[in-house]
Amino acid sequence: MADDFELDTDDLTRRMEGAISNLRTELASLRTGRASGAMLEPVMVDAYGSMTPINQVGTVNVPEPRMVTVNVWDKGLVGKVEKAIRESGLGINPQLNGTIIMLPIPELNEERRRELGKVAAQYAESARVSIRNLRKDGMDQIKKAKADGLSEDDQKFWEDEVQDLTDAHIKVVDQTLDIKQEEIMQV
């Protein structure tokens, strides 16, 4: 009965990769000393009666290394977009130029760099927790199969497979965090 048990490692891998992808998206939104259009991705604008991502109400550009611009398509939304950026917690002071909102990226001080490093570490820890939860899901499937008659050798094999997947993905999370923290601390 359970001799034909095969854990769907492809599904576990895909879900773990999703946790890493989510981490990379969150880290991209952190403001380092350089301008990046991704830093505005979490900003939502109250447009047309619903919360809308900023990239759906205007074009986000990076014309120079320390400047991000948002070219708002609807003149009536310029004020709302500016307000959303001010209230986003990015620490950027928007400057209006018609329908274009310019966001000069100031230098980060040492204290702010440390704070961003801690935020990045929190994002990484939540990715690790997600991966560990997926490991637990895999282990639970193996235990269920063991109850259905899976041999101890097969159980050990599948548990090792799940653990190897987990270790590899957590290593990627750690490497991604190290790269981001190095980028944040770079003056």
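Visitor: Why is Arg 128 called buried?
Guide: Buried means under 20% relative accessible area, with exposed over 50% and partly exposed in between (1.4 Å probe, protein chains only). Arg 128 has 13% relative accessibility, so it counts as buried. A word on the ground rules: this is a predicted model, where local features need pLDDT of at least 70 and side-chain atom pairs count only at pLDDT 80 or more, while totals for chains, interfaces and linings use all residues. Residues are numbered from 1 along each chain as its sequence is written, and side-chain values use heavy atoms, leaving out hydrogens and water.

Visitor: And where does Arg 128 sit?
Guide: In helix 3, residues 110-147. Helices here are DSSP runs (H or I, at least four residues), as are strands (E, at least two), numbered from the N terminus.

Visitor: What makes the pairing of Arg 128 and Asp 174 a polar contact?
Guide: The term asks for a pair of N or O atoms within 3.5 Å; within protein, one must be able to donate a hydrogen and the other to accept it, and residues adjacent in sequence count only if both atoms are side-chain atoms. The side chains of Arg 128 and Asp 174 are joined at 2.8 Å, so the pair meets the 3.5 Å limit.

Visitor: Which residues does Arg 128 touch, not counting those up to four places away in sequence?
Guide: Ile 170, Val 173, Asp 174 and Leu 177. Contact means heavy atoms within 4.5 Å.

Visitor: Is Ile 170 buried or exposed?
Guide: Its relative accessible area is 16%, so Ile 170 is buried too. Ile 170 lies in helix 4, residues 152-185. Leaving aside neighbours within four places in sequence, Ile 170 is in contact with Arg 128, Ile 131 and Arg 132. Ile 170 and Val 129 are 41 residues apart in sequence, and their C-alpha atoms are 9.4 Å apart in space.

Visitor: How many helices and strands does the chain have?
Guide: There are 4 helices and 6 strands, running α-β-β-β-β-α-β-β-α-α from the N terminus on.

Visitor: How does the radius of gyration of the chain stand against a compact globule?
Guide: The radius is taken over C-alpha atoms, and the globule rule is 2.2 Å times the number of residues to the power 0.38. For 187 residues a compact globule would come out near 16 Å, but this chain has 22 Å. Along its principal axes the C-alpha trace spans about 70 × 40 × 20 Å.
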